[in-house]
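My entries follow the order in which I looked.

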Amino acid sequence: MHRPSLTLLAASLMLASGLVCAKDAATTIPASAVQTAVQLRSKAMHDDTAYKVVEGLTTEVGARLAGGTNDQRARDWMVAKFKALGFDKVYTEPVTYPLWVRRSEHGAIVAPFPQPLALIALGYSPGTPQGGLTAEVVQFANLDALKAADPASVKGKIVYIGERMQRHKDGMDYPRIGSAIRVAGPVMAQEKGAAGFLLRSAGTDADSRTPHTGVTGFRDPAKAIPAAALSNPDADQLERVLAHGQPVTVKLDLDCGVEGQYTGANVIGEITGSKYPDQVIPIGGHLDSWDPGTGAIDDGAGVAIAVGAAKLIHDLPQRPDRTIRVIAFANEEMGLWGGRAYADKHAADVGKFQLGTESDFGAGPVWRMTASVKPEARGAIEQIAKVLAPIGVNYDPKQPGGGGSDLSQMHGKGMAALTLTQDGTHYFDWHHTANDTLDKIDPKELAQNVAVYAVFSYMAAQANGDFGSAPGAFAHDGAED
């Protein structure tokens with residue numbers, strides 16, 4: 001009779017007793033969970049919970065500027081909604097950040113052809129001096145041109161960058177043109193001695209005189225200069241005036257700025273796992289929005305998608321094996337403050353975060369899934385992909401997943417993550433404008449998003465094995481920000 005070695009015997013006993021986690025074992029999803037996920041997918045496509053959530057948030061609360069008059073109202077509303085929908089646990093975690101206030105903004109071409117400009121102040125911009133700021137405009141084609149400029153050509157002037165975004169399904173122009181110019185441009189202009197900064201709005205609409213706001217890269221109010229975005233037609237008009245070859249003078253009158261600190265909160269609702277309650281599937285969106293519109297696509301939709309998906313899982317006959325955690329993050333818009341605070345607080349427990357992602361790209365249908373998971377979990381991701389394929393989601397195994405905006409911070413700590421890319425062809429027509437309103441959301445497309453989130457969340461919760469979350473596990477994937 002063959003007698004196993006003491007080493008093998010000890011290892012077998014440790015595995016049997018749960019003292020060893022088979023980290024290298026393949027992660028799989030049981031057939032019963034796949035079958036339930038198919039049922040969830042079908043039900044979600046006809047469920048209106050998410051639409052009711054975003055309708056209520058945008059109607060009963062409206063715009064949700066971080067630290068603004070609706071900040072506390074939005075948090076109270078979210079807590080009440082989680083409780084009304086039957087979430088097992090509802091709580092908040094504090095988030096402190098600079099309080100930026102907007103009161104008014106005006107601008108005009110003073111010379112050589114006087115006329116008003118449609119513009120909006122950018123986040124962390126200071127106000128202009130009493131009586132406004134009047135200065136000559138110096139134009140640059142793009143960020144690289146400003147970077148190469150002689151500071152003497154910029155000193156005391158208003159820098160203007162007019163590079164234009166184009167529509168793309170994946171929104172590729174926003175990180176490389178729109179937000180890059182808006183975030184880095186004002187800081188670069190200030191460092192070269194500029195008096196102010198203007199950019200063509202980070203948006204893809206061409207015929208609306210509705211400017212797009214957004215955050216700048218300023219972090220020290222003492223070093224910030226007035227900064228604003230022009231609507232696309234007004235940027236065109238300024239460029240036509242500049243093309244005449246005469247000095248062009250613009251007046252900015254901005255009443256805004258940082259006024260101390262504010263403490264808000266991430267609002268969290270959970271569906272408690274029945275088998276591994278301390279292991280979580282984190283999903284969510286950010287509760288704050290910019291102030292011109294009602295924050296429907298950015299990001300009331302994301303919060304609603306996560307809530308709708310979790311509610312469908314809640315309504316199953318049995319609780320999922322792992323906890324579904326929905327996070328409505330605070331102040332994403334002015335620097336991922338909620339996401340950073342959350343990641344800092346929970347970094348030590350990153351190994352308990354099974355697989356997560358956040359929805360923050362509107363309400364268009366999800367068309368692509370990418371993942372950052374351990375190699376042994378790729379088969380489970382493929383199982384998820386097969387359930388999502390019939391509703392138009394393609395899996396790209398060659399690209400990493402980043403977790404979305406706020407949850408990119410947990411991914412950076414080592415959380416296994418997906419990216420569920422929505423169709424953003426028209427997202428930047430309305431993004432950060434007064435046109436970010438409920439009518440931009442198609443209920444059927446929103447329901448498709450809910451189906452995607454319900455399927456992945458449930459299947460990840462029921463998986464036999466993990467997806468590789470561990471401190472520093474995905475340090476080289478490049479978290480989204």
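The entries below begin with the model itself and end with single residues.

**Model and confidence**

I am working with a predicted model, in which local features need pLDDT of at least 70, side-chain atom pairs count only at pLDDT 80 or more, and totals for chains, interfaces and linings use all residues. Residues are numbered from 1 along each chain as its sequence is written, and side-chain values use heavy atoms, with hydrogens and water left out.

I looked up pLDDT, the predictor's confidence in each residue, from 0 to 100. The chain has a mean pLDDT of 94, and 94% of its residues reach 70 or more. Residues 1-22 have a pLDDT below 50, and beyond near neighbours in sequence this stretch has 3 contacts in the model; contact means heavy atoms within 4.5 Å. Where pLDDT is low, the predicted coordinates should not be read in detail.

**Annotated spans**

The unreviewed entry places "domain: PA" on residues 134-238. That span is 34% helix and 19% strand, and its end C-alpha atoms lie 15 Å apart. Helices (H or I, at least four residues) and strands (E, at least two) are DSSP runs, numbered from the N terminus.

The unreviewed entry also gives "domain: Peptidase M28", covering residues 266-453. I find 32% helix and 22% strand in residues 266-453, with the end C-alpha atoms 20 Å apart.

How many residues of H8 are buried? In H8 (residues 232-242), 8 of the 11 residues are buried. Buried means under 20% relative accessible area, exposed over 50%, and partly exposed in between, with a 1.4 Å probe and protein chains only. Among the buried residues of H8 are Pro233, Leu238, Val241 and Leu242.

I then went to Val90, in strand E1 (residues 89-111). Leaving aside neighbours within four places in sequence, Val90 contacts Val79, Phe82, Lys83, Ile268 and Gly269. From Val90 to Arg240 I have 150 residues in sequence and 55 Å in space, C-alpha to C-alpha.

**Cavities**

I searched on a 1 Å grid over the protein atoms alone: a cavity is a set of points where a 1.4 Å probe fits but cannot get out, and lining residues have an atom within 4 Å of a point. Grid points are joined across faces, edges and corners, and a volume is the space filled by probe spheres set on the points. The count is 2 cavities of 30 Å³ or more.

The largest cavity holds about 80 Å³. Its lining includes Arg64, Asp71, Arg75, Leu287, Asp288 and Phe329. Helix H4 (residues 71-84) gives the most to this lining, with 3 residues. By class I have 5 nonpolar, 1 polar and 4 charged residues. Ala, Val, Leu, Ile, Met, Phe, Trp, Tyr, Cys and Pro count as nonpolar, Asp, Glu, Lys and Arg as charged, and the others, Gly among them, as polar.

The second largest cavity has a volume of about 30 Å³. Trp290, Asp298, His432 and Asp436 are among its lining residues. The classes here are 1 nonpolar, 5 polar and 2 charged.

**Backbone geometry**

Most residues other than glycine have a negative phi, and most peptide bonds are trans. I listed the exceptions that follow.

The Ala111 to Pro112 peptide bond is cis, with omega near 5°. Pro112 sits in the loop between E1 and strand E2 (115-117). The bond from Asp298 to Asp299 is also cis, with omega near 5°, and Asp299 belongs to helix H9 (residues 296-314).

Leu336 has a positive phi, near 55°. Leu336 is in the loop between strand E10 (322-329) and helix H10 (337-346), and is buried at a relative accessible area of 4%.

His432, one of the residues lining the second largest cavity, has a positive phi of about 65°. Where is His432? His432 lies in the loop between helix H13 (427-430) and helix H14 (443-462). Its relative accessibility is 4%, so His432 counts as buried.

**Thr128**

My last entry is Thr128, in the loop between strand E3 (119-121) and strand E4 (133-140). Is Thr128 buried or exposed? Thr128 is buried, because its relative accessible area is 13%. Not counting residues up to four places away in sequence, Thr128 touches Leu133, Pro226, Leu252, Asp253 and Leu254.

Notes. 1 Å grid on protein atoms, 1.4 Å probe; cavity = no way out; pocket = protein on both sides within 12 Å on 5 of 7 lines; lining within 4 Å. UniProt positions renumbered as here; feature names shortened; annotations may be inferred.
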